[in-house]
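I opened the file to look up the overall build first, then a few single residues. My entries follow in the order I made them.

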Amino acid sequence: MKNKLLFFLLPFAACSLYAQDTETETTEEQPKERQEVRVYGGFESNVQWYLNDKGRNIEQPVNPIRSNNYFLVNYQYSRFTAGFQLEAYESDALLNYNPGFTGAGLGTYYLNYKTGKIDLTAGYFYEQFGSGLLLRAWEDRALGINTALRGGRVQYRPSENVRLTALFGQQRTGFEVSDGRVYGFDSEFNLSSLFKFEMSDLSVGASYVGRYERVDIPDPNFNELTNAFAGRLSFIHNSFYFSGEYNYMQEDAVLDVQNRINNNFVKPGNAIQLNFGYTGDGLGIDATVRRIENLKILTEREPSFVDATSSSLNFNDKVLNYTPALTKQHHSNLANIYVFQAQAKVDFIDPSIMKAGETGGQIDIFYEIPKETPLGGKYGTKVAVNAASWYNLPGQYRFTPANYDTNLFGAGKKYFSDYNIEIKKRFTETLITNFYYINQYYNKLWLEGGEEVNANIATGEVIYNFDTTKSIRFEAEHMWADADMKNWAGGTVEVNLNDTYSVYVWDIYNYGNDDSNKQTHYYNVGGAYRHGATRVAVNYGRQRGGLVCVGGVCRFVPESTGFTLALSTAF
């Protein structure tokens with residue numbers, strides 16, 4: 001085990017040394033022609049040591065020390081850039097990561113050539129068309145997501161107002177690629193100069209995505225090539241803005257309750273998303289509405305299975321499009337117990353729970369009460385209000401034989417709602433306070449199985465700045481919930497000693513659980529060290545089982561207890 005840990009620390013040391021050497025070589029005394037060469041990248045390692053926790057009846061896994069490691073190198077010379085990412089998951093990946101991430105190997109590689117008009121890439125690449133509702137290839141290491149496409153991409157800019165993209169590839173899954181082949185074309189046109197707008201900006205775009213996968217079922221009622229199309233528009237005038245996007249996918253097989261192809265259940269998919277807002281002196285308004293029906297696009301129609309209850313869908317694997325939950329991303333620990341995941345696919349669980357997608361929206365309102373007013377005081381007061389509600393699509397549903405017919409407008413069974421207000425007030429140059437109130441409804445029965453939950457959460461935060469680099473933060477929070485795990489209480493203390501060191505301790509306590517054996521403290525203590533582009537963080541504590549979300553996309557993590565070490569650097 002010591003040898004393995006040393007193996008993972010070597011790239012970290014090498015990165016730091018290489019960064020120092022690079023700084024020495026690129027001084028002003030170097031010949032100009034050598035400055036065309038640039039090498040850059042980074043190293044990241046996340047190590048967890050899982051321990052027994054008798055208080056929660058948790059036994060450490062067979063391989064208790066696990067780590068996810070990434071070593072990225074890019075080499076740029078003139079108009080060429082090449083790079084690769086080495087990855088190692090030893091002795092296994094962190095708990096509940098994509099099981100395709102195992103062992104060590106070459107994760108991604110690419111070669112790129114770029115001029116003012118042409119951008120050519122071969123190998124692995126990341127891409128997004130529009131808002132990503134048809135295609136987004138991306139990486140998020142915290143979620144265990146890497147859906148890069150391996151193939152080729154061409155971007156062409158005949159003028160500064162036109163961008164055209166064509167691509168072909170197969171989506172990454174673990175250290176392999178999926179069987180499905182992806183074809184794509186995207187166009188973006190800025191029409192402001194055409195219409196001679198001076199105070200406005202207008203752009204339009206159109207996309208095509210094709211997913212080809214051979215099927216082995218007799219007489220399929222759908223084409224092996226599934227075509228999808230999208231159109232979008234964006235308009236800005238002074239302080240107002242608006243954007244809209246429509247996406248359509250032709251008929252394709254729907255998965256049954258076992259996540260297998262149902263050849264007799266073939267449906268098209270679509271999505272409509274509208275965003276509009278206003279920004280002015282002290283006031284900002286942003287609203288988004290979205291309706292999605294059967295638009296979970298997989299590069300392989302049938303997900304692969306880890307066991308009888310877990311498929312690749314549980315790890316966001318082989319998902320071609322991007323459908324984040326459009327809700328407020330809270331930093332409160334208790335507000336992230338009941339988090340919503342976008343419901344983009346058809347899901348007939350039983351005759352009483354039949355879903356075809358989602359409809360709903362959210363609105364954000366930001367207002368700064370002016371200084372030197374009764375409510376604003378000397379420094380002003382910032383108020384943020386957010387409201388989000390999401391529902392199943394209304395319509396007629398039939399379980400056997402499976403079918404549905406949805407309405408374009410209206411709302412079906414309620415999935416989730418989150419109404420909240422945040423008030424931020426600075427009293428002095430050194431003292432800042434925040435107050436949050438959140439009202440949540442979580443239909444756990446329809447979303448993951450369980451009880452419907454109504455919760456109210458109150459959070460108070462105080463930050464005191466000793467100087468520009470030293471501060472202390474206190475946070476206290478409480479949740480009142482009428483079902484499931486019932487009431488919680490929590491608190492946090494965080495100290496920033498300077499630009500280099502910080503430490504924290506926090507605890508959330510499920511004191512209201514009806515099962516006294518589950519009235520658990522989830523405590524954590526840790527700290528971080530920063531120097532330049534290098535950061536080292538350690539912590540010990542308990543992980544609450546449930547959803548961990550980044551940017552509205554989530555993964556499930558099991559209950560665990562142990563130590564965590566995180567290293568990252570860039571050069």
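Entry 1, surface. I note that this is a predicted model. I looked up the accessible area of the protein: about 28200 Å², of which carbon and sulfur atoms supply 56%. I then looked up burial, and 47% of the 571 residues count as buried.

Entry 2, overall build. I found two helices and 35 strands in the protein. The C-alpha atoms fill a box of roughly 70 × 65 × 60 Å along the principal axes. The radius of gyration is 25 Å, which agrees with the value near 25 Å for a compact globule of 571 residues. Among contacts with a separation of 6 or more, 57% are between residues 24 or more positions apart.

Is Glu 213 buried or exposed? Glu 213 is buried, because its relative accessible area is 11% and the cut-off for buried is under 20%. I placed Glu 213 in the loop between strand E14 (200-212) and strand E15 (225-237). Its side chain reaches the backbone nitrogen of Arg 301 at 2.9 Å. Leaving aside neighbours within four places in sequence, I listed its contacts as Gly 180, Glu 224, Thr 299, Glu 300 and Arg 301.

Asp 219 is exposed, with a relative accessible area of 66%. Its phi is near 50°, a positive value in a residue other than glycine.

I looked up another positive phi in a residue other than glycine and found Asn 57, with phi near 55°. Asn 57 sits in the loop between strand E1 (37-50) and strand E2 (65-77). At a relative accessible area of 72%, Asn 57 is exposed. I noted these phi values because most residues other than glycine have a negative phi.

Which residue does a cis peptide bond join to Glu 90? The partner is Ser 91, and omega is about -5°. Ser 91 is in the loop between strand E3 (80-90) and strand E4 (103-114). I also found a cis bond from Thr 400 to Pro 401, with omega near -15°. Pro 401 belongs to the loop between strand E23 (395-398) and strand E24 (403-406). I recorded both bonds because most peptide bonds are trans.

Leu 233, Phe 242, Leu 274, Phe 276 and Val 289 form a nonpolar patch on the surface, together giving about 370 Å² of accessible area. I checked one of them, Leu 233, which lies in strand E15. Leu 233 is partly exposed, with a relative accessible area of 36%.

Methods. Residues are numbered from 1 along each chain as its sequence is written. This is a predicted model: local features need pLDDT of at least 70, side-chain atom pairs count only at pLDDT 80 or more; totals for chains, interfaces and linings use all residues. Side-chain values use heavy atoms; hydrogens and water are left out. Helices (H or I, at least four residues) and strands (E, at least two) are DSSP runs, numbered from the N terminus. Buried means under 20% relative accessible area, exposed over 50%, partly exposed in between (1.4 Å probe, protein chains only). A polar contact is a pair of N or O atoms within 3.5 Å; within protein, one must be able to donate a hydrogen and the other to accept it, and residues adjacent in sequence count only if both atoms are side-chain atoms. Contact means heavy atoms within 4.5 Å. Patches are made of residues with over 30% relative accessible area and no salt bridge: like charges are joined within 9 Å, nonpolar side chains (Val, Leu, Ile, Met, Phe, Trp, Tyr) within 5 Å. Accessible areas come from the Shrake-Rupley method with a 1.4 Å probe; for residues, only the protein chains shown count as cover. A salt bridge is a side-chain nitrogen of Lys or Arg within 4 Å of a carboxyl oxygen of Asp or Glu. The radius of gyration is taken over C-alpha atoms; the globule rule is 2.2 Å times the number of residues to the power 0.38.
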